[in-house]
Amino acid sequence: MPELPDVEIFKQYLDATSLHKTIADVQVTDGRILHGISAQKIQSKLKGHKMQGTLRHGKYLFIQTDGKFWLCFHFGMTGNVKCFKNQDHIPDYSRMLIRYANGYRLVYVSQRLLGKVGIVKDAHQFIKKKNLGPDAKKISWNRFQEIFENKKGSIKSALMDQKVLAGMGNLYADEILYQARIHPKTAVNRLDERHFIKIFNEMKTVIKTAIQKRADPEQFPGSYLLPHRRKDERCPRSHSKLKHIKINGRTSYFCPRCQPL
DNA sequence: AGTACCACCTGACGGC
DNA sequence: TGCCGTCAGGTGGTAC
């Protein structure tokens, strides 16, 4: 579930497995993941280069190379990266393989092909051009207050809008609003400072906790909504039956008792 | 500006 | 067993 915490885990994983290793070869097994570049071009571009460092902004993962370009990963609704020894069996839905000179391969996996891989000149420039909002993990309280000024729609839509705030997806937006005890349909302009402080603090805690638990919902605290985010399950706090509604076409789970409108 | 809907894809699941 | 509709965590485009 590649939202901010998941992508942060991928970043840590790449930092641990893939930096400063010479890329011997690149194999694209499904070109539909490529964005704005051909399989041949990405191969010739990466070959012989090394990854120098990583940068995550929202759900995007950028890898700086020792060339004048960055590799850019987006994971869509299903996707991850994994490193294997050359002779290891690689998983289904592996769409791109980066083979290192040291005998390992980095694999980009994407079952539904909704993710994208590309080359960008500069990550910061890309973020600007895409109009991405500030990163949810790094944003300061002052900036957080500002981004909701003059907003009128529902708080959940705003939290999930990558141009407002980068990194929150459907699941974590639900979790944050659940922890803050705010109904997802609440209009932003009906929230006061006290509410925003609560949302901000819960957001930071949820992100930190999720990353600490390696974005694995099974390890999340019992007080979290995420592991119970299924039809007919109950709120871990009030034991009321969870409700689900559609907001902007996405299913939103909440507790009608803890999060009244 | 906000929302609603469609499209992009594959696979899992429930109903019949 | 199998067919079919619906749904799933992402984004982007269009139309109202």
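Author: Helices (H or I, at least four residues) and strands (E, at least two) are DSSP runs, numbered from the N terminus. This is a predicted model, in which local features need pLDDT of at least 70, side-chain atom pairs count only at pLDDT 80 or more, and totals for chains, interfaces and linings use all residues. Residues are numbered from 1 along each chain as its sequence is written, chains are lettered from A and ligands numbered from 1 in the order in which they are written, and side-chain values use heavy atoms, with hydrogens and water left out.

Reader: Where is S154 found?
Author: S154 sits in the loop between α4 (141–147) and α5 (155–160).

Reader: Is S154 buried or exposed?
Author: S154 is buried, because its relative accessible area is 12%; buried means under 20%, exposed over 50%, partly exposed in between (1.4 Å probe, protein chains only).

Reader: Which residues does S154 touch?
Author: Setting aside residues up to four places away in sequence, S154 touches P184, K185, T186, A187, V188 and I247, contact being heavy atoms within 4.5 Å.

Reader: And D30, where is that found?
Author: D30 belongs to the loop between β1 (23–28) and α2 (39–46). D30 is buried too, at 11% relative accessible area. Beyond neighbours within four places in sequence, D30 contacts R95 and L113.

Reader: In what order do the four strands form the open sheet?
Author: The order is β1-β6-β7-β5, with antiparallel pairing; two strands pair if DSSP finds at least two bridges between them. The edge strands, β1 and β5 (80–85), each pair on one side only.

Reader: How many bridges join β1 and β6?
Author: Five bridges link β1 to β6 (residues 94–100), and V28 stands opposite M96 in β6.
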